[in-house]
Amino acid sequence: MKRLESLNKQLNTKITQPTNQQQQKIDIQTLEFKNAVPSHYKEHEKKMKQIAQQSIQQSYLNEINQWKYVGVKNNITSHVKSQPNSSHLMFRGEGYLNDSIEELEKMVFNLHEKRQYIESLKEYTTLEVLNPTMYIAYIRLKSPIVVADRDLVVITGVIKNKDGVIVVVSYSVDYLRKRPIKKVVRGDLRFQTWILQKESEKKTKITLVGCFDPKGSIPQILKNQLSQNQGYNIEYLQQYLNMTQKK
């Protein structure tokens, strides 16, 4: 009988609402969790600033940088150059697009989401957003029939210089939640930078500089050809602009 009375007493006990102070504490904890920044964010920000400054210096066409002319395609100029103690060429592309630097920054930052304009892009997934101007993504690239597909896990961020130049930086990172898969070779994007310089309100100069190691067994001649074509990737932006401006 006593046990039954005790049970009834427990069932009839009113559930008390948290006090305003308790509720406020819960809300603050939730807010802090949502706005938490991963510990490695600052490390990547520092690295991106270094890459951005180095890329700007390396982008100049002068005797020191020793860029070799490849060609011009749809008003986009391509160059490559060798690196000390490396078989991988650096690539460089340059072009002028008729849109504001602010709009082109958004396009470049989210370029892979416009996959319909990138023939080589087979898969794209955002893995983690570190902050509004930095994220980690998975990219799978189509390869010729005789070569296995390549994939990448890259981090991308935006660096804005005091002189108004905007640099969108990307490079490969290790990411435990996206390990390599069978029959796909994990490539290494050493670095890639889109350097945006304002020419006028509706005209922007874009310089693309980077180095990509496709890994795996690929003849050197194909690696060189890949690097020579990388500079023309600015064309993807031009295609997107042409389509959107027609609408």
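Helices here are DSSP runs of H or I with at least four residues, strands are runs of E with at least two, and both are numbered from the N terminus. By that count the protein has six helices and ten strands, and Asp151 is found in strand 6 (residues 149–160).

This is a predicted model: local features need pLDDT of at least 70, side-chain atom pairs count only at pLDDT 80 or more, and totals for chains, interfaces and linings use all residues. Residues are numbered from 1 along each chain as its sequence is written, and side-chain values use heavy atoms, with hydrogens and water left out.

**Overall**
- Buried residues (under 20% relative accessible area; exposed is over 50%, partly exposed in between, with a 1.4 Å probe and protein chains only) make up 43% of the 247 residues.
- Take the contacts (heavy atoms within 4.5 Å) with a separation of 6 or more: 56% of them come from residues 24 or more positions apart.

**Asp151**
- Asp151 counts as buried because its relative accessibility is 0%.
- Its side chain makes a polar contact with the side chain of Arg186 at 2.7 Å; that term covers N or O atoms within 3.5 Å, where within protein one must be able to donate a hydrogen and the other to accept it, and residues adjacent in sequence count only if both atoms are side-chain atoms.
- Setting aside neighbours within four places in sequence, Asp151 also touches a list of residues including Tyr138, Arg140, Ile181 and Gly187.

**Rings**
- One aromatic pair turns up in a search of the whole structure.
- Phe109 and Tyr135 form that pair, edge-to-face, at 4.9 Å centre to centre with 80° between the planes; rings of Phe, Tyr and Trp (its six-membered ring) pair if their centres lie within 6.5 Å, with planes under 30 degrees apart stacked, over 60 edge-to-face and the rest tilted.
- The pair links distant parts of the chain, helix 4 (residues 101–109) and strand 5 (residues 134–141), with the partners 26 residues apart.
- Both Phe109 and Tyr135 are buried.
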